[in-house]
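Hi everyone, thanks for coming. Let me put the sequence and the structure up on the screen, and then we can walk through a few spots together.

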Amino acid sequence: MDICNNDEGRFNTSVCVALPLITIFWLLVGVVGGIGACFLKTPHKSTISIAIVTTAVCCYTFWLLAFLAQLNPLVSPQVDSAIVGHMRKQWGGAPNNPYLEKCYPSW
C-alpha cells in the first residue's frame, strides 16, 4: 500500500505534504535556533541554545504523535443503532454490507 495514495488512488495530501513540511519546519527551528543562539553576546548562550533545540524536539514529537494517532485511530466512533439506521435510511444505505449487518443485526 502506498502511503501517498488512498484506497481510491487519490493523492493523500495530509501525509505526503504535511508530514515533510512540518518536519522540515521543526528541523529548521532547531538547527537555526541552536546555532543562532551561539552568536548571542551573553554568558548563557549554551543554555538558550539547548532550550531552543529542546523546544523544537518536544513540539515536533508532540505534533508527530498527534498526527500519527489520527492516521489510524484505535477507537472508532460509537453511534447508537437507531441513529445508524436513520442515517442508512436517509443516505440510501449500504446494501449487503456484512460489517453493518454483524454490528447492527436489527436491520
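Let's start with Trp63: with a relative accessible area of 23%, Trp63 is partly exposed. On this scale, buried means under 20% relative accessible area, exposed means over 50%, and partly exposed is in between, using a 1.4 Å probe and protein chains only.

A quick word on where this comes from: this is a predicted model, local features need pLDDT of at least 70, side-chain atom pairs count only at pLDDT 80 or more, and totals for chains, interfaces and linings use all residues. Residues are numbered from 1 along each chain as its sequence is written, and side-chain values use heavy atoms, with hydrogens and water left out.

Back to our tryptophan. Trp63 and Phe67 both sit in helix α2, four residues apart, or about one turn of the helix. An α-helix has 3.6 residues a turn, so residues three or four places apart point the same way. Phe67 is buried, at 13% relative accessible area.

How many aromatic pairs does the structure hold? There are three. Rings of Phe, Tyr and Trp (its six-membered ring) pair if their centres lie within 6.5 Å; planes under 30 degrees apart count as stacked, over 60 as edge-to-face, and the rest as tilted. For Trp63 and Phe67 the ring centres are 4.9 Å apart and the planes at 15 degrees, so this pair is stacked.

Now the helix itself. Helix α2 covers residues 45-71, 27 residues in total, and spans 39 Å from first C-alpha to last, close to the 39 Å expected. That expectation is 1.5 Å times one less than the number of residues. Helices here are DSSP runs (H or I, at least four residues), numbered from the N terminus.

Which residues of α2 are buried? They are Ser49, Ala56 and Phe67, and what covers them includes α1 (13-36). Ser49 has a relative accessibility of 13%. Leaving aside neighbours within four places in sequence, Ser49 is in contact (heavy atoms within 4.5 Å) with Gly34 and Ala37.

Last, the cysteines. A search of the whole structure finds zero disulfides, meaning pairs of cysteine sulfur atoms within 2.5 Å. For Cys59, the nearest cysteine sulfur is that of Cys58, 7.0 Å away. Cys59 is partly exposed at 32%, and Cys58, also partly exposed, is at 46%.

Thanks, happy to chat!

Terms used. Helices (H or I, at least four residues) and strands (E, at least two) are DSSP runs, numbered from the N terminus.
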